[in-house]
Amino acid sequence: MVNTIPTARVDDSGRLTADQLNAFREAGVLVLEDFVSLEACQRLRDRAQILIDEFDPSSVRSVFSAMEQTQLGDKYFEDSGDKIRFFFEQDAFDSGGNLKQSKENSLNKMGHAMHDLDPVFDSFSRTPALAALVESLGYDDPVILQSMYIFKPPQIGGEVYCHQDSTFLYTEPESCIGFWFALEDATTENGCMHFIPGAHKEPLKELHYRDDNGKMSFKTLDPSPWPENATVAAPVEAGSMVIFDGRAPHLSSANRSDRSRHAYTLHVIDRNSHYPPENWLQRSADLPLRGFD
Ligand code: FE2
């Protein structure tokens with residue numbers, strides 16, 4: 001059993017070496033230091049701030065429950081697969097319904113199609129290095145299914161319970177893989193990611209799906225609990241990217257520090273795998289999924 005999170009660097013080609021690929025296959029997670037430049041991180045943060053400035057929070061107050069990882073029955077969330085939408089932290093509002101912190105320090109996340117709808121996010125998401133890396137992971141026809149900008153704001157950034165992303169982005173066969181870019185240093189104080197190395201070899205434990213009445217639900221596939229005492233923190237510096245298997249269990253603690261922990265994530269699937277109509281994330285025909293071209 002692996003009990004550490006492998007860390008590596010790729011050369012300018014972006015491709016994983018055979019040893020790096022092997023380390024990823026064994027642990028289900030791989031940290032790549034300095035995968036993106038600090039300038040690229042700053043450009044994305046600046047662009048996110050512009051989008052936040054343009055967002056009027058009085059128009060919608062959708063709160064994303066990081067513990068439940070979803071907003072059951074929330075149309076604003078469920079229709080966001082092909083849009084750019086904003087979700088607040090659960091603790092963002094005071095008893096009078098006013099934001100306790102600035103708008104950018106009240107948000108849980110922005111999602112889920114910035115990579116297709118915003119030129120700055122598009123160019124961050126579609127670099128030759130990332131395309132080559134995905135190819136080296138064995139994807140012949142990868143498509144970027146979703147993007148999320150995760151704020152993990154100071155003081156109120158919510159805890160995220162242990163889960164597998166294939167629960168939410170299920171394909172047949174399973175093909176989901178996550179790319180998590182640290183836009184700021186992620187530490188054990190501000191809520192860095194934690195993984196259970198090697199546990200991606202266990203079954204998918206839950207499926208999140210739309211039932212016959214159109215309501216989002218969870219189905220338990222394997223009731224055995226995660227060995228949460230085996231979790232390993234993955235503190236990383238800004239510019240690092242974490243690759244993780246769709247079955248890799250991961251979690252993060254609440255952020256009670258005075259520093260935010262901004263991150264950007266992409267989830268990629270294989271275009272040729274079946275994408276069920278029961279998945280929460282659906283796109284209109286006007287915005288077809290794209291790869292890295
Ligand atoms: Fe996740």
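Which residues lie nearest the centre of the largest pocket? Select Tyr139, Glu174, Cys176, Asp245 and Gly246, which belong to a lining of 13 residues. A pocket here is an open set of points on a 1 Å grid over the protein atoms alone, where a 1.4 Å probe fits, with protein on both sides within 12 Å along at least five of seven lines; lining residues have an atom within 4 Å of a point. The model is predicted: local features need pLDDT of at least 70, side-chain atom pairs count only at pLDDT 80 or more, and totals for chains, interfaces and linings use all residues. Numbering runs from 1 along each chain as its sequence is written, and side-chain values use heavy atoms, without hydrogens or water.

The space in this pocket is about 240 Å³.

Next, select helix 6, residues 128-136. Its buried residues (under 20% relative accessible area, 1.4 Å probe, protein chains only) are Leu130, Ala132, Leu133, Val134 and Ser136. Just after the helix, Gly138 has a positive phi of about 100 degrees.

Now select helix 2, residues 38-54. From first C-alpha to last it reaches 25 Å, close to the 24 Å expected at 1.5 Å a residue, taken over one less than its number of residues. Ala40, Cys41, Leu44, Ala48, Leu51 and Ile52 are buried. On the face turned away, colour the exposed residues (over 50%): Leu38, Glu39, Arg43, Asp53 and Glu54.

Definitions and conventions. Helices (H or I, at least four residues) and strands (E, at least two) are DSSP runs, numbered from the N terminus. Grid points are joined across faces, edges and corners, and a volume is the space filled by probe spheres set on the points.
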